[in-house]
Amino acid sequence: MYIVMLGAPGSGKGTIGKILSEDMRLTHISTGDIFREQISKQTELGKKIESYISNGMLVPDEVTIETVKTRLSEDDVKEGAILDGFPRTVAQAEALRDFLEAKNPSQKRIAIELDVPDSEIVKRVVNRVTCSNKSCGAIYNLETRKPKQEGICDICGSSLTKRADDNEETVSKRLAVYHANSKELLEFYAKNNRLYSVYPKQLDEAVANIKAYLENDKGSN
Ligand code: ADP
Ligand code: ZN
């Protein structure tokens, strides 16, 4: 199964995507994480995309689609994956559909929308901190989902850091970019696929609802 996580920045795509990936044994792929790693390593790709990300703009479709196709060609995603942060435009959604139809037509494809009111988004994002250990990547919120010990990851003990783009100015930009694309993107999935929308007010409840939906959905593509 391929699950696409849709939602504004800070809506919980990463947090919920990671929980689902462990429960369902599906690889979690976050384009944001891939891009941030490329930037920290200062690769050619990293240098090319850095200014888009720090300005809250989308990385161009061409570059993003190529990056995802390469990742989806690896062995650990033969049975499916959880895609977090991709697609973000209809062009990306079409490219993904075409790619998976050619590569793995029998696997189901489902989109989950995390529908959080804008009034909550800025608060969520400016309070977000992330584990600095890339292979862990746990996400915390300094108001609603605090680490047990300040600045330290509960899971792996590494230090917690704040993402450079998680400031008030950039998040408003990212939110505007999200709304510029979201209507069309949601329509694409409502029409071409299956779309399940949930307001993830309580994390546990949202995860349970999504899992119940996925279990009850016996249809194929
Ligand atoms: P968030 O959902 O909180 O915005 P992400 O880690 O998903 O965080 O994305 C961070 C940034 O990476 C985005 O603001 C954008 O610049 C870039 N990015 C991630 N995924 C995509 C994508 N599918 N298309 C274009 N740019 C992307
Ligand atoms: Zn950690």
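**Exercise 1. Charges**

Task: In this predicted model, how far apart are the mean positions of the positive and negative charges of the protein?

Solution: Start with the counts. The protein carries 32 positive and 34 negative charges. Then take the mean position of each set.

**Exercise 2. Overall form**

Task: Which radius of gyration would a compact globule of 221 residues have, and what does the protein have?

Solution: Begin with the expectation. For 221 residues, a compact globule would come near 17 Å. Next, take the value for the model. The protein has 17 Å, so the two agree. Along the principal axes, the C-alpha atoms fill a box of roughly 45 × 40 × 35 Å. Finish with the secondary structure: eight helices and eight strands.

**Exercise 3. Surface and contacts**

Task: What share of the residues counts as buried, and what share of the accessible surface belongs to carbon and sulfur atoms?

Solution: First, burial. Of the 221 residues, 51% count as buried. Second, the surface. The accessible area is about 11500 Å², and 48% of this area belongs to carbon and sulfur atoms. Third, the contacts. Among contacts with a separation of 6 or more, 72% join residues 24 or more positions apart.

**Exercise 4. The nonpolar cores**

Task: Which residues of the largest nonpolar core touch the most other members?

Solution: The core has 22 residues. Val4, Leu6, Leu72, Leu96 and Tyr189 touch the most other members. At least two residues each come from β1 (2-7), α4 (61-72), β3 (81-84), α5 (90-103) and α7 (168-192). Helix α5 gives the most, with six residues. Apart from this core lies another, of 16 residues, including Ile82, Ile112, Val198 and Leu214. As a general point, nonpolar side chains tend to be buried together in soluble globular proteins.

**Exercise 5. Leucine 114**

Task: Is leucine 114 buried or exposed?

Solution: Locate the residue. Leucine 114 sits in strand β4 (residues 109-114). Check its relative accessible area. The value is 1%; the cut-off for buried is under 20%. Leucine 114 is therefore buried. Look at its partners beyond four places in sequence. Among them are Met5, Leu6, Lys13, Ile16, Val198, Pro200 and Ile210. Now turn to leucine 6. With neighbours within four places left aside, the contacts of leucine 6 include Leu114, Pro87, Tyr178, Leu185 and Tyr189. Last, a distance. Leucine 114 and isoleucine 82 are 32 residues apart along the chain, and their C-alpha atoms are separated by 14 Å.

Note on methods. Residues are numbered from 1 along each chain as its sequence is written. Chains are lettered from A and ligands numbered from 1 in the order in which they are written. This is a predicted model: local features need pLDDT of at least 70, side-chain atom pairs count only at pLDDT 80 or more; totals for chains, interfaces and linings use all residues. Side-chain values use heavy atoms; hydrogens and water are left out. Helices (H or I, at least four residues) and strands (E, at least two) are DSSP runs, numbered from the N terminus. The radius of gyration is taken over C-alpha atoms; the globule rule is 2.2 Å times the number of residues to the power 0.38. Buried means under 20% relative accessible area, exposed over 50%, partly exposed in between (1.4 Å probe, protein chains only). Contact means heavy atoms within 4.5 Å. Accessible areas come from the Shrake-Rupley method with a 1.4 Å probe; for residues, only the protein chains shown count as cover. Lys and Arg count as positive and Asp and Glu as negative; His and the chain ends are not counted. The place of a charge is taken as NZ of Lys, CZ of Arg, CG of Asp or CD of Glu. A nonpolar core is a set of buried Ala, Val, Leu, Ile, Met, Phe, Trp, Tyr and Cys residues joined through side-chain atoms within 4.5 Å.
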